[in-house]
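The sequence and structure come first.

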Amino acid sequence: MTRRTLFTLIALASGLALVSYWIGQQSYSWMPVQASAEAILVDNLFSFMVAIASFIVLGVTGTLLYSVLFQRASRYDISDGPALEGNLKLEIVWTAIPLVLVVWIGTYSYQTYNRMSILGSGGSLHVGMPTAMANEIGASPEASAPIEVRSRQWAWEFYYPDRDVTSTELHLPVNQRAQLQLTSEDVLHGFYVPAFRVKQDIIPGRAIAFEFTPIREGRYRLRDSEYSGTYFATNQTHVVVESLKSYQQWLAAAAAQPLTPAENVAYQEFKAAIEKPMSLGWSRIVPAAAPLANYSSSESDSHE
């Protein structure tokens, strides 16, 4: 390889790296708003992986395109191409590059997960996953009992043991470490808030300690990320992030309210299906009764 060829390849790789970095920066706009500290870490990791993927895709595609356009065999040339078998340098290069990329991506992903520390102490852990370390992000100044998140087919219920308040809408103070205890009363559910970039499967029979730090006030959507039955698409509710003062005022106001049945979209759809029966060939699961709550919201309420 001549020096000119080497400089040309370095220049092309540098230009490709700049383009890939730009594409990686654009990936931030593909995601919902960053409403938690964990979202920043996840988006940084996603942008990094998009940039790496762009470099590989553009590099491979560009090389193929160049070969097709400028390295075609001449007409009637049926000779074989140069034999590459036994080229030790080439073997080392195409082994080392993927190895470095895999180790780089794996290390960055591990560091991101470790910094998020979303599984609190005492929470259920998957085999082989690291133990959650001390929280680095927005540790709560006051220790309080975790908010109990109860999932069922198909409704969410949130219980605040410090004030004996039950709500169908999750309220959290901004810039405070949210500590939740996730449980399921029937089947596998998934706690997933896209704006927070956090997700956790909820396994029946286990109480899972779960933590994150909301950093942006607003109303966001909590979804069930696991298919939990016929009406699982209705298993959604709101997460309200507000100032500490507003949060405490909401808790006090909710504590003063009596328990009343909340809105239950799954049960409404089930009743409508019963009134207009249509045989689908399988048995229906009766949705759980509407939860009794001190505070509940409506599906018609707005959210980001």
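## Annotated spans

Helices here are DSSP runs of H or I with at least four residues, strands are runs of E with at least two, and both are numbered from the N terminus.

Both spans come from an unreviewed UniProt entry, which annotates residues 47–69 and 90–110 as "transmembrane region". UniProt positions follow the numbering used here, feature names are shortened, and such annotations may be inferred rather than shown by experiment.

## Basis of the model

The model is predicted: local features need pLDDT of at least 70 and side-chain atom pairs count only at pLDDT 80 or more, whereas totals for chains, interfaces and linings use all residues. Residues are numbered from 1 along each chain as its sequence is written, and side-chain values use heavy atoms, with hydrogens and water left out.

## Overall make-up

The protein chain contains five helices and twelve strands. It has 304 residues, of which 35% are buried (under 20% relative accessible area; exposed is over 50% and partly exposed lies in between, with a 1.4 Å probe and protein chains only).

Among contacts (heavy atoms within 4.5 Å) in the protein chain with a separation of 6 or more, 72% join residues 24 or more positions apart. The accessible surface is about 18200 Å², and carbon and sulfur atoms contribute 61% of this area. Accessible areas are from the Shrake-Rupley method with a 1.4 Å probe; for residues, only the protein chains shown count as cover.

## Salt bridges

The whole structure has ten salt bridges (a side-chain nitrogen of Lys or Arg within 4 Å of a carboxyl oxygen of Asp or Glu). One of them pairs Asp201 with Lys199 at 2.9 Å, N to O. Asp201 is partly exposed at 22% relative accessibility, and Lys199 is partly exposed at 37%.

Elsewhere, shared partners link Glu148, Arg150, Arg152, Glu157 and Glu185 into one salt-bridge network. Arg150 has a relative accessible area of 22% and is partly exposed. Glu148 is likewise partly exposed, at 24%, whereas Glu157 is buried, at 8% relative accessibility.
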